[in-house]
Structure formats: structure tokens, C-alpha cells
Amino acid sequence: MAFQERYLVGCAALAVAALVTVSPTRAQDAAALNAEAAQKDWPTHHGTYKSYHYSGLDQINTGNVKNLEIAWMHFPERATRGIQSTPLALDGVLYYSGSYSRVWALDGATGRTIWSFAPELDEELVAKQTHSPYNRGIAIGNGNLYIGTVDGRLIALDLKTGKQAWDTKLLDSKRMTVGFTGAPLMVKDMVIIGAQGGEWPHRGPIFGVDSKTGQKKWEFFTVAGTEEAKATWGGDSWRTGGGGGWMPGTYDPETNTLWWGTANPAPLYDWGGTDWKKSGPRPGENLYTTSVIALDPDNGKLKFYHQELPHDAWDFDSSVGEFVMIDRGGKKLVVHANKSGYIFVYDRSNAKIENVWPLVKNINFVKSIDPKTGELVGRRDLSEGKVDPPLCPAIAGGISWNSGAYSPKNGLFYRIGQEWCMELTVEKTTPILEPMAQLNIGATFKLIPPPDGPARGHLSARDPVTGAKKWEVTYKQPPLASVLATAGNLVFVPDSEGIVHAYNADTGEELWSRNNGMGHNAGIISYMAGGKQYVAVPAGWGSLVSDEFVALYGEPFKSMPKNTGALVVFALRQ
């Protein structure tokens, strides 16, 4: 597919000069955001609005990737639970966030610090959160950089100086112990960000905030956000239904539509069994949790939606942020991965199902999902007590929150799948009727290997619409980081043991690898600085999912530090 949308780039040499100049207009260049490929920059969380995680740079390619070596490294302070963010790059400057919502602006060619920012946080509140203190990304636009905090704030920093432009409190985090961990999304003059925490008793809001002033423009509740949705929650269960949209979605400028994935309902596990429509802690379909929603970014009004798992009783939410926008056979489609291990393909105009296909083998919460209607076939609802046989996939998902990659060069979709199950005991808990600082899980669990072999992961190259597989690479442990594809016909995968792999995008042949010495939880990008292509890989281990690796695999995870990290940047040997 030809690249029809290209953008003008300023002189890259300016980015490596002693005084780095950042142009605010470049940060919101429409052509760059709407292009198929991220080119010299990586301007938004998913590369571009098309969510390909694909770089159009080919200076590093299959012929010379063997010459890739470390160009520079940066070590962030207070790297508790490692690094889990996806960097951004503009005009030769690399920006990234770390734990406690700290931000750095670095010279993309040398790693020299241009500025850094560390917000003052409510440390007592941070200590109480299960998801603290990591941050998974940033947004840039209108001359500012935007970052959410785990104590419920959205902060704007001047892109050139790092000085705070505004600080807006959006969530009562003391009451609910819920904040922001995922990256915001910049859409026109609006910053969009979703709350974390399907396991917390709240209503999971998504916010639209004026990028220049910090004023909240709208708020959409993923739990009972409309009267139609409210009717799908029995009694007053909607008041504490969980939800949220903690990873960023994307934007379709052709229809002015914001696409977002929502989190699971609370409690995560429901003892209502097959009578879930009338009994249990949250009777009904529980809209709009575990759904794909389409909003008007100007006012936050719902356009249309599809609930991927009605009355999600398994914690297989839809908050995986990637929405891969592709055109196929005259149709405009969007491909979205669900934590259950299924890939959903939608018509972009109305979220009607085009296809549903499984990425992983070990699935037993349903017998199947109808590929034409999206209906769950043979759903396995849970009752109080021990679940037998064990549930597959495990709570960590057949698919994790990080993103795959799509190459418009060969039409292949590269996605990590996770093969594991879990022993589960569902508990009948006292209903929580008001938002409060209390987890609402409803079960105890333990991750175990699946019936067909060891717990493992795999990268597969597939047709994104049909799911037809071209090749697959298996890993002893599931990689938890994002995937990067490039015009150099390469696919990069940072794995859990600490090794970064580069594969031939057409064949899956491994062409290069490098051990960073610590596991990867974050996003990988490529960008240009000073006329040279770089690949930036955040390294650093420590998340709720990675905590399970010690019991499953032992070493090296038993000894792997969880409170350190490094941004490792590679380039071709001179």
C-alpha cells in the first residue's frame, strides 16, 4: 500500500545542536498523525492514529540489522516497577515517562538531558494503589506535553522548557484510590484520558480536557454512561460498576470518531452463574464495560458501540488500546484485540462485526465467538466455589495491554499471544454500594500452565482480517512489551528475559538480538535524529502480570530487580 500522506520535516541537525528547538505546530501535524507510517518522528502513543506501531524508516533493514549496537542509554530516577511507557519523538527530541509520572526530554542522538519534570504526588495515596506508581505514556500537542498521574491529575508541560502549564484534578483519588496510568490521546484541541481500575468500585470515566487551558470539557462514564446502559445494571450496581478506559484508543479523522476500549466490570468474578441476568452482584449485560465505544471527541457523546463480552465474568476486558485502521476490499475496517485472546474486526462506520478470530489456543471461557455476529457461543459462567476445570486464559489474558504491529508493506499483523490458565475460587463477597477505596475482585487465583504444555508466549504473523497465520515464533515466557514493525522489513520484539529480537518480517527468521539484562514491559519505537535512524527500547521489570513469573518460571525472574530501569537506544555501527 502506497504511503499517500507524508509530512514535511525540519532540518534534523537542529535537534542535535546545543540549543534544541521544538516547534509546537509540528507536534500536532495532521498529516503525521493520520499517516500509515510513523516517519522521522513518533508523535503519538500508537505511532499514528492508524495504530500500526510501524515506522516508515528503512535505514536499518534486514541487510544491516546485524550491525545494530547501543548508541546511548538513559537511567531514570525512582524506576519503581521498571519502565512501562512508550516514548514519543519529535524533531530529534525523545520524550518518555517513568514511575511517579516523571518525564524526560532527551537529545535523540546523544541522550543528553534537555529538561526533566517530577510532579509532587500524594505519596500516601500512591502507596495504597495496586497499580502504583508506574506510568504508561504521554501525549504531545499544541506546544505541550501531557501526562496523567496516579493521584487523579492531568498535567500539561511546555514542550520546549518542561515548565508546568497547568495541572487539573479530574478524579477524587482519595475516595476511590483510582488515578491515571495510561497515556492520554491528543485529538485536535482536546486531550483524552481514561481512568484505571475495573477492579475498583467506581464508574470508570473517560475525560475530554481543553489542551490549552486544562478545563474539563466533558466526562463519559463507561459504567451506565447513558440511560440505555443504566438499565443493564441490576439494582444500584451501576454506582460501583468498575470499568474505565486505562489505555489510550485512537481517532478516525474521516468521521471525527474517537475509538476507545473499556475495562471490566466490578467485581471481576461474579458468582451469579448462568442466572447472571437476574442474580449475582451486578445482574445484566453491564454496559459499557468490556466494550469498544465510539465517541464524538468534541462533546464526549456516544456514537455507537459493541460490547465484546456481555456481562464479562472473567476479567477479559477491552482496554487493549490499539485500533488498527485498515482498508480492505473497499471496506474501512478496524482491528481490535481483546484480552480474552480473540481479535475483533469491525466496520469503522458503525462497529458492526466483520470477523472474530482466536489468536491463542487455550480458551475455555466460551466454546467460540460467532465470527459474523460476535455472539458468545457456549459461555462458561461461574458460581461460588472452586472453578473446575481451570479457567483459560488466565487473568493476565491471552493478549496483554501492550500493542502488536501491522506492516502496510506486506499486510501482516504481528501480535503476541499468551498461553496460560489459572486455578480460580469464586467468593461471594458483601456488595459494595458506594465508591470507595476498596478492591472488588471476588476471587482468589493462581496462574498455571495450560493443558497442552508449559505456560508460554508466541509472536505470530497473520492476516489481520481473516487471522490466517503465515509464521510464528514461540517464547519460553510470554513477552509483555509492545511490538515494532519497520519499512526495513523488520519486526522487533523485546522479551521478558531481557532480550530484544529482530526478525525478518516476511519469514520470521531471527536476524539480530541483544540482551538488555532486565525484562521489558513497555513500548518500543523508531525515529530519526541528525539524519540517523534509532530504535528506542525501555527496559525494566515489574508489573502485576510480571509478578506471576517467579512462581511460573523461577529464574531469571526470581533474581530480576523490579525497581530499576533504563532507556536503551540502538543505532547502526559507524
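**Note on the predicted model**

1. Charges come first. The protein chain carries 55 positive and 59 negative side chains. The centres of these two sets lie 1 Å apart. Keep in mind that this is a predicted model.

2. Next, the overall dimensions. Along the principal axes, the C-alpha atoms of the protein chain fill a box of roughly 65 × 50 × 50 Å. The radius of gyration is 22 Å. That agrees with a compact globule, because a chain of 574 residues in that form would have a value near 25 Å.

3. Burial and surface. Of the 574 residues, 67% count as buried. The protein chain exposes about 19000 Å². Carbon and sulfur atoms supply 50% of that area.

4. Secondary structure. The protein chain has five helices and 38 strands.

5. Three strands form an open sheet, in the order β25-β28-β29. Their pairing is antiparallel. The edge strands are β25, at residues 385-386, and β29, at residues 443-448. Each edge strand pairs on one side only. Strands of a sheet pair through backbone hydrogen bonds.

6. Inside that sheet. Which residues make up β28? Strand β28 covers residues 421-426. It pairs with β29 in the antiparallel sense over six bridges.

Key:
Residues numbered from 1 in each chain as written. Predicted model: local features only at pLDDT ≥ 70, side-chain atom pairs only at ≥ 80, totals over all residues. Heavy atoms only, no water. Pairing = 2+ DSSP bridges. Helix = DSSP H or I, 4+ residues; strand = E, 2+ residues; numbered from the N terminus. Rg over C-alpha atoms; globule rule 2.2 N^0.38 Å. Buried < 20%, exposed > 50% of the residue type's maximum accessible area, 1.4 Å probe, protein only. Areas by Shrake-Rupley, 256 points an atom, 1.4 Å probe, with all protein chains shown as cover. Lys, Arg positive; Asp, Glu negative; His and termini not counted. Charge placed at Lys NZ, Arg CZ, Asp CG, Glu CD.
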